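Got your viewer open and a selection tool handy? Here's a short walk through the model, one stop at a time.

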Amino acid sequence: MVIKMQRILSHLRKAIEEYNMIEEGDKIAVCLSGGKDSITLLHALKALQRFYPKKFELIAISVNPGFSFFNTNFLEEICHCVDIPLFIEKSNAKEIVFDIRKEKNPCSLCANLRRGVINSIAIRENCNKIALGHNQDDVLETFLLNLFYTGNISTFSPVSYMDRSKITLIRPLVYTPEKEIKRFIRKNNFEVMPKVCPMDGTSKREDMKQLIFTLSKNIPMIRANLFGAIQRNLEDWKIKQN
C-alpha cells in the first residue's frame, strides 16, 4: 500500500491544472528509468487516474541504453505493482556515445538518442503525450545551467509540443521539490535502480546542484527566490499559450 502520497499529489495536480497537462482521452507514456523521480511520477499519475475528472490512459516506457547492469526485471515489477503496461526498447546509446565516439561531454548526445527512442515507442503505442519526471530542483538547475553556460534566462517548459512527432511533453513534477520525492520513496521503502550513467555525479548539472546547496547555507531563501523568478517566466509562457 502506497503511503504519504498527499503532498506529492498536491504538487502534481497543481502543475497539471495550471498548465492544462491532461485532457479527456489522453494516452500518456510515462518515462520510467527506475530512479526516484520516475517511480514517484508513475505512482502519482496512477493515483490521480483513479479520481481525476478527465479520463486518461497510462503506459510506461523505458530505454535500455546498453549497460549490462540495466535491470529489466526491476522495472517490470514496478509496473506490475501498479498495473501499468511496460514497453522497453534496447538502444545502442552506450556503444555510440562511449565506445565509438568516446564523448567527454556525452549528456547532450545521449539525451538526444534516448529521446528519439522514447518518441518512437510513444508513436507506435498511439500515445499523444509523454510524461517526464523532472522535479522542481531540475527546474532550478537547468535555469542556472542556461544562465551560466549559454547566457539565456530560461528553463524547460512544463508543457512542450513537438511538431515533428505531434506529441506533447508534460512535466507534472515541476512544482515538487526533490526532498519531497526522496521522502516519498523512503516512507514507502521503495527500491530504486542504481544510476546507469557512468557520468552520474560528475556532470555540470551536479555542479549546479552543489552550488545551490552551498549558497543556501548563507542565503536560506535562495531556492524560493530562484523559483519565484522562474515562475514569473512561466506565467509569461502561459499567457503566450492562451
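**Stop one: a pocket**

Start with α8, which gives the most to the lining of the second largest pocket, four residues. Before you click further: this is a predicted model, where local features need pLDDT of at least 70 and side-chain atom pairs count only at pLDDT 80 or more, while totals for chains, interfaces and linings use all residues. Residues are numbered from 1 along each chain as its sequence is written, and side-chain values use heavy atoms, with hydrogens and water left out.

Now select Gln136, Asp137, Glu141, Pro177, Glu178, Lys179, Lys182, Lys209, Ile212, Phe213, Ser216 and Arg223, and you have the lining of the second largest pocket. Its volume is about 300 Å³. A pocket here is an open set of points, on a 1 Å grid over the protein atoms alone, where a 1.4 Å probe fits, with protein on both sides within 12 Å along at least five of seven lines; lining residues have an atom within 4 Å of a point. The points are joined across faces, edges and corners, and the volume is the space filled by probe spheres set on them.

Colour the helices next: α6 (136-150), α7 (178-187) and α8 (204-218) each supply at least two lining residues. Helices are DSSP runs of H or I, at least four residues, and strands are runs of E, at least two, numbered from the N terminus. By type, the lining splits into three nonpolar, two polar and seven charged residues.

Is Asp137 buried or exposed? At 10% relative accessibility, Asp137 is buried (under 20% is buried, over 50% exposed, in between partly exposed, using a 1.4 Å probe and protein chains only). A polar atom of the Asp137 side chain lies 2.8 Å from the backbone nitrogen of Glu178.

Hop to Asn188, in the loop between α7 and α8. Asn188 is buried as well, with a relative accessible area of 12%. A polar atom of its side chain lies 2.9 Å from the backbone oxygen of Phe184.

Phe184 sits in helix α7 and is buried at 1% relative accessibility.

**Stop three: the rings**

There are four aromatic pairs in the structure. Tyr52 and Phe56 have ring centres 6.4 Å apart and planes at 70 degrees, so they pair edge-to-face. (Rings of Phe, Tyr and Trp, the last by its six-membered ring, pair if their centres lie within 6.5 Å; planes under 30 degrees apart are stacked, over 60 edge-to-face, the rest tilted.) Both Tyr52 and Phe56 are buried.

Then pick Tyr19, Tyr175 and Phe227, which form one aromatic cluster. Over the face of Tyr175 you'll find Lys14, 4.9 Å from the ring centre; the cut-offs are NZ of Lys or CZ of Arg within 6 Å of the centre and within 35 degrees of the ring normal.

**Last stop: two positive phi angles**

Finish with Asn20, in the loop between α1 (6-18) and β1 (27-31). Its phi is near 50 degrees, a positive value in a residue other than glycine, and Asn20 is partly exposed at 46% relative accessibility. Asn126, in the loop between α5 (107-124) and β4 (129-131), also isn't a glycine and has a positive phi of about 60 degrees. Asn126 is exposed, at 64% relative accessibility.

Note on methods:
Ala, Val, Leu, Ile, Met, Phe, Trp, Tyr, Cys and Pro count as nonpolar, Asp, Glu, Lys and Arg as charged, and the others, Gly among them, as polar. A polar contact is a pair of N or O atoms within 3.5 Å; within protein, one must be able to donate a hydrogen and the other to accept it, and residues adjacent in sequence count only if both atoms are side-chain atoms.
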